[in-house]
Amino acid sequence: MTIKVLVADDHAAVRAGIVLILDGVRDVEVVGEAGDGEQAVAMAREMRPDVVLMDVRMPRLDGISATRELAGISDVLILTTFDLDEYVFGALRAGAAGFLLKNTDADSLVEAVRLVARGDGLISPGVTRKLISAFAGQEPRREPAADPGSLTPREREVLACIGRGLSNAEIARELDMAEATTKTHVSRVLNKLGLKSRVQAAIYYSGERGLEA
């Protein structure tokens, strides 16, 4: 299966570097490049890429607003310099699947694209963990659309694994179940809690643990 990727960044040199890396990967195809948010949304709606690599600050339409408009169309992997500001927090609320530093190495970039394309959100124990912790500590916690008590014991186990940053494959191994079953449980957890992404689920889990402490 070929992963279709759209690269959105207003800096031509950054776009060129990303495209150069991805073009050399057998299972990845760059289907388009966008120089601003409006163009990114229009191209994504037309091309339906699996993953959109989205810069945060862009002219005409910023990456947060663009991410919000792409909900249900493509998974968005935010490109950031790790500024913990309202832009990044807003992208989480908009449903971004994960975050990637612009100075990441080529192998990590490719693996991030593959993870997001598999529906695994980029929740690593390193940089993204810091981002999640900062967001959970600074942003007022909102109640989910449904009572967390509606989660089954197995779904709560899956939520805990998401909170620890495990991928679907890792959750499947830890809980001894098929990866397809894991994906089903993850979807149910998100739906029951009224969340848009695994990143939001990890943040929610961090908040739950904070209340229990």
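1. Arg60 counts as exposed, at 60% relative accessibility (exposed is over 50% relative accessible area, buried under 20% and partly exposed in between, with a 1.4 Å probe and protein chains only). Arg60 lies in the loop between strand E3 and helix H3 (63–69), and has a positive phi of about 70° although it is not a glycine. Helices (H or I, at least four residues) and strands (E, at least two) are DSSP runs, numbered from the N terminus.

2. Before you go further, a word on the source: this is a predicted model, where local features need pLDDT of at least 70, side-chain atom pairs count only at pLDDT 80 or more, and totals for chains, interfaces and linings use all residues. Residues are numbered from 1 along each chain as its sequence is written, and side-chain values use heavy atoms, with hydrogens and water left out.

3. Arg48 has a positive phi of about 50° without being a glycine, and is found in the loop between helix H2 (37–47) and strand E3 (51–55). With a relative accessible area of 49%, Arg48 is partly exposed. Most residues other than glycine have a negative phi.

4. Helix H1 (residues 12–23) packs on helix H5 (residues 106–117) at an angle of about 75°, with axes 10 Å apart. Axes are lines fitted to C-alpha atoms, for helices over the stretch in contact, and angles run from 0 to 180 degrees between N-to-C directions. H1 is thus roughly perpendicular to H5 (65 to 115 degrees; under 35 is roughly parallel, over 145 roughly antiparallel, the rest oblique). Ile18, Ile21 and Leu22 of H1 meet Ala106, Leu109, Val110 and Val113 of H5, where contact means heavy atoms within 4.5 Å. By class, this contact has seven nonpolar, no polar and no charged residues (nonpolar: Ala, Val, Leu, Ile, Met, Phe, Trp, Tyr, Cys and Pro; charged: Asp, Glu, Lys and Arg; polar: the others, Gly among them).

5. For helix H8 (residues 168–175) and H9, the axes come within 9 Å and cross at roughly 105°, and the two helices are therefore roughly perpendicular to each other. Asn168, Ala169, Ile171 and Ala172 of H8 make the contact with Glu179, Thr182, Lys183 and Val186 of H9. Here the classes are four nonpolar, two polar and two charged residues.
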